[in-house]
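Visitor: I have a model open and would like to learn how to read it. Could you take me through some features?

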Amino acid sequence: MVQEYLNINYTILGMLTERGTGATYEREATRRIFKPLGMRHTTFPGTDPRIHGPHNRGYQILKQADGSTVLRDATVWNQADRWAAGDMISTTADLERLLFALFRGEVVPQPQLKEMFTVPAGVPDATMSAGLERYEDKGTGQVLWLNSGGRFGYNTLIAATPDQSRTLVYSVNATDAKAEGMKPVAERIVQATFLNRD
């Protein structure tokens, strides 16, 4: 048995939300999470390709038919086809609000929160839980819980130690946002925040 991440799971979650509530996924996320937590700058843009408000520009490297590459501004590329798996625009301040509220048990009831901090038993090298990923640094034993996301031009992460003594929220330009693995700049940011070995 191998653990595998699939975006389709978030699409299914969105569909289940709509079936169970009779309202749109966007409405329920806004009503149940964004508004209560004061996440005023988190939106679902739908088919509007623009990012409203201050934002960094995102760039993506694209391979050409001849094998060469070209750098393109991906800031206005619409992500509506990702729906519950990525059709959301937020700020790092709003994501930080979400991170603190989630870890303090203000987003989901305690049984579901416990599940989010539990990886499945009997699955070798399992790191993913119900919505979070567990990372343990081999050198220090430091445990982090995180969630990351990448869309063309952008890479975002929220992460914290279990006691929230250290937290990190970032959004960086990622010219290869859909590539496998953590980007080198992002990895150095995480290491500087959490894995200080002195």
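This is a predicted model: local features need pLDDT of at least 70, side-chain atom pairs count only at pLDDT 80 or more; totals for chains, interfaces and linings use all residues.

Visitor: Let us start with helix 5. Which of its residues are buried?

Guide: Buried means under 20% relative accessible area, exposed means over 50%, and partly exposed lies in between (1.4 Å probe, protein chains only). Helices (H or I, at least four residues) and strands (E, at least two) are DSSP runs, numbered from the N terminus. Helix 5 covers residues 184-194, and Ala186, Val190 and Phe194 are buried there.

Visitor: Why do the buried residues of helix 5 line one face?

Guide: An α-helix has 3.6 residues a turn, so residues three or four places apart point the same way. Seen down the axis of helix 5, the buried residues fall within an arc of 45°, so they line one face of the helix. The arc is taken from the directions from the helix axis to the C-beta atoms.

Visitor: Which residues are exposed on the other side of helix 5?

Guide: Pro184, Arg188 and Ala192 are exposed there. Pro184 has 52% relative accessibility, so it counts as exposed.

Visitor: What covers the buried residues of helix 5?

Guide: Contact means heavy atoms within 4.5 Å. The cover includes strand 4 (143-151), strand 5 (153-160) and strand 6 (167-174).

Visitor: Now two helices together. At what angle do the axes of helix 1 and helix 2 cross?

Guide: Axes are lines fitted to C-alpha atoms, for helices over the stretch in contact, and angles run from 0 to 180 degrees between N-to-C directions. The axes of helix 1 (residues 8-21) and helix 2 (residues 25-34) cross at roughly 80° and come within 9 Å. Angles under 35 degrees count as roughly parallel, over 145 as roughly antiparallel, 65 to 115 as roughly perpendicular and the rest as oblique. Helix 1 and helix 2 are therefore roughly perpendicular to each other.

Visitor: Which residues of helix 1 and helix 2 meet?

Guide: From helix 1 come Gly14, Thr17, Glu18 and Thr21; from helix 2 come Tyr25, Glu26, Glu28 and Arg32. The residues of this contact divide into one nonpolar, three polar and four charged. Here Ala, Val, Leu, Ile, Met, Phe, Trp, Tyr, Cys and Pro count as nonpolar, Asp, Glu, Lys and Arg as charged, and the others, Gly among them, as polar.

Visitor: How many aromatic pairs does the structure hold?

Guide: Rings of Phe, Tyr and Trp (its six-membered ring) pair if their centres lie within 6.5 Å; planes under 30 degrees apart count as stacked, over 60 as edge-to-face and the rest as tilted. The structure holds seven such pairs. The rings of Tyr5 and Tyr10 have centres 6.3 Å apart and planes at 45°, so this pair is tilted. Tyr5, at 45% relative accessibility, counts as partly exposed. Tyr10, at 25%, also counts as partly exposed. Elsewhere, ring pairs link Tyr25, Phe34, Phe44 and Trp83 into a cluster.

Visitor: How do I read the backbone angle phi?

Guide: Most residues other than glycine have a negative phi. Asp125 is not a glycine, yet has a positive phi of about 60°. Asp125 is found in the loop between helix 4 (110-116) and strand 3 (133-136). Gln164 also has a positive phi, near 60°, and sits in the loop between strand 5 and strand 6.

Visitor: Are Asp125 and Gln164 buried or exposed?

Guide: Asp125 is exposed, with a relative accessible area of 76%. Gln164 is buried, at 15% relative accessibility.

Visitor: One last residue. What does Ile61 touch?

Guide: Ile61 lies in strand 1 (residues 59-63). Leaving aside residues up to four places away in sequence, Ile61 touches Thr69, Val70, Leu71 and Thr175. Ile61 is partly exposed, with a relative accessible area of 40%.

Key: Residues are numbered from 1 along each chain as its sequence is written. Side-chain values use heavy atoms; hydrogens and water are left out.
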